[in-house]
Amino acid sequence: MTYASDVAALARKDLLLELRSRDTLPAMLLFVVSALVVFHFALPAEESERAETGLLWIAIVFTALLGLTRAFAAERDQGLLDGLVLAPCDRSAIWLAKCISVVAFLVVAEAVALPSFALFFGPVGWELVVAVALADIGIAAVGTLLSAVAAASRARELVLPLLFLPLAIPIVIGGVGASLAGNPASFLGFLALYDTIFAILSWASFEYVVTE
Amino acid sequence: MSTSSLSEDGRTGKAGPAFDFGVASGRRGASTLALAAAGLLVGGIALALYWAPEDADQGFSQKIFYLHVPVALTAYASFAWAAWKAFRLLSTRDSRYDLESYTAVHMGVIFGLLTLVTGSIWAKISWGHWWSWGERQLVLFLIVFLFYSAYFMLRYSTEPGPRRERNSAVYALFGVALIPVSFLAVRIAGTILHPTVFTHEGANLPWEMFLAFCVCLAGMLSLAGSLYLAELAGKRADVALRDLRELLA
């Protein structure tokens with residue numbers, strides 16, 4: 001088995017599991033649309049474009065958080081993580097496969113969120129789409145690792161947002177900047193830099209988080 | 001950094017007798033360092049107040065610079081030290097680095113809180129507001145402070161053991177990656193979302209000011225070092241006591 005086939009098998013397992021149980025994805029979809037509706041009522045009548053875009057990013061981050069708290073739920077409840085760690089594959093493959101499935105969930109959620117945003121609030125530019133795609137990678141990379149970290153603690157659902165949100169601040173800055181600033185390229189570049197740094201760091205440190 | 005050179009002798013004798021715990025050597029190092037800190041801080045503040053020239057724009061209120069910036073740099077030094085110890089823990093799997101990393105984060109958070117308070121006071125005096133989102137360093141510090149506060153939540157909610165040591169270490173390592181990334185983020189956000197209203201008088205300090213600043217910085221680093229050693233000795237004694245109790249039970 002090569003590294004790539006390990007990753008593909010593990011990612012396929014996660015996606016298949018979700019496809020059969022439908023635990024997480026419907027909740028994320030419903031949440032992101034509800035959040036947008038709540039934001040409509042939270043904004044004043046003459047809402048500005050800046051505020052709307054900012055709220056879209058909040059909705060994305062919190063929807064991701066919803067998915068991430070469930071990312072290792074099956075592994076934890078069924079004691080599956082021990083089995084995975086014992087499997088003769090590189091531990092970072094587990095992280096990469098989980099990242100791929102988290103990105104897949106996020107893409108589906110945003111495939112609903114962005115059209116709803118366009119419908120409720122205003123047009124969605126190409127910068128916003130690129131920024132969301134880049135942010136997904138960063139969110140999945142950091143979030144998967146922190147989800148595994150939080151899975152070892154007693155108060156998992158409570159700890160994960162606290163660990164994740166400070167790390168999500170640069171993503172929000174990059175995302176909001178990309179859709180509002182005059183030069184989106186520098187913000188998109190920043191998001192790509194964030195993805196690279198934290199993907200490498202998470203990839204390298206995942207092994208220490210899951211081994212006993 | 002004075003913290004880095006001095007904590008070497010604060011480390012427990014790993015192969016020493018089981019009931020030494022390095023407490024005695026830690027206390028010795030801590031008291032030497034505390035004396036140095038007291039001398040340097042008193043000297044530095046005296047230099048800053050009576051000798052360094054007054055700032056042309058801000059007048060007397062600029063004096064808080066000699067407290068605020070050294071405290072902030074000390075907090076960064078503590079976080080870097082924590083990350084270094086975390087790295088050592090992950091590479092050697094030696095669990096004594098866990099307490100050292102934890103104590104360094106603890107110091108960093110204390111000095112980080114002081115930075116936020118002194119920065120807030122400075123902001124109030126300079127601009128009349130307790131908080132300004134235009135002041136990048138302060139915003140960056142708030143992000144870093146939130147990040148490291150979550151470190152404690154993680155630690156307190158995980159059962160003690162190798163798993164907790166490694167998770168905390170990985171999180172502490174993420175911190176040193178987050179600091180430059182957030183610095184960059186706040187910087188690019190500052191150029192577009194919030195106009196910069198204030199630039200630090202960093203590079204073009206008169207040498208008297210710079211000297212007073214350096215003495216204050218050295219004093220603050222020694223203070224952090226002595227607190228670190230004292231705290232470490234206390235935490236080690238706690239662990240040793242728990243081990244003894246378990247042995248007796």
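Start by selecting chain A: its secondary structure comes to 9 helices and 0 strands, where helices (H or I, at least four residues) and strands (E, at least two) are DSSP runs numbered from the N terminus. Before you click further, remember that this is a predicted model, in which local features need pLDDT of at least 70, side-chain atom pairs count only at pLDDT 80 or more, and totals for chains, interfaces and linings use all residues. Residues are numbered from 1 along each chain as its sequence is written, while chains are lettered from A and ligands numbered from 1 in the order in which they are written.

## Chain A, zoomed out

Read along the sequence, chain A goes α-α-α-α-α-α-α-α-α. Its radius of gyration is 17 Å, close to the 17 Å that the globule rule gives for 212 residues, so chain A is as compact as a globular protein of that length. That radius is taken over C-alpha atoms, and the rule is 2.2 Å times the number of residues to the power 0.38. Along the principal axes, the C-alpha atoms of chain A fill a box of roughly 55 × 35 × 30 Å.

Colour by burial next: 45% of the 212 residues in chain A are buried. Here, buried means 20 or more other C-beta atoms within 10 Å of the residue's own, exposed means 12 or fewer, and partly exposed is in between, with C-beta atoms placed from the backbone.

## Helices 3 and 6 of chain A

Now pick helix 3 (residues 49-69) and helix 6 (residues 91-120) of chain A. They pack at an angle of about 150 degrees, with their axes 10 Å apart; axes are lines fitted to C-alpha atoms, for helices over the stretch in contact, and angles run from 0 to 180 degrees between N-to-C directions. Show side chains at the contact (C-beta atoms, placed from the backbone, within 7 Å): helix 3 of chain A brings residues including A:Leu56, A:Ile60 and A:Leu68, and helix 6 of chain A brings residues including A:Phe105, A:Leu106 and A:Phe117. By class, the residues of this contact divide into 11 nonpolar, 2 polar and 1 charged. Ala, Val, Leu, Ile, Met, Phe, Trp, Tyr, Cys and Pro count as nonpolar, Asp, Glu, Lys and Arg as charged, and the others, Gly among them, as polar.

## Across to chain B

Bring in chain B, which has 7 helices and 0 strands. Of its 249 residues, 44% count as buried. The contact between the chains takes 27 residues from chain A and 26 residues from chain B. On the chain A side, helix 8 (156-180) and helix 9 (184-210) each supply at least two residues. That side has 20 nonpolar, 5 polar and 2 charged residues.

Centre on A:Val149, which touches A:Leu163, A:Val209, B:Leu154, B:Asn167, B:Val170 and B:Tyr171, leaving aside residues up to four places away in sequence.

Jump to A:Arg22, in the loop between helix 1 (3-21) and helix 2 (25-42) of chain A. Phi of A:Arg22 is near 50 degrees, a positive value in a residue other than glycine. A:Arg22 is exposed, with 10 other C-beta atoms within 10 Å.

In chain B, select B:Arg93, in the loop between helix 3 (65-92) and helix 4 (96-127). Phi of B:Arg93 is near 60 degrees, again positive in a residue other than glycine. B:Arg93 is exposed, with 12 other C-beta atoms within 10 Å.

Last stop: B:Leu49, in helix 2 (residues 23-51) of chain B. With 13 C-beta neighbours inside 10 Å, B:Leu49 counts as partly exposed. Draw a distance from its C-alpha to that of B:Asn167, 118 residues apart along the chain, and you get 45 Å.

Terms used: Two residues are in contact if their C-beta atoms, placed from the backbone, lie within 7 Å.
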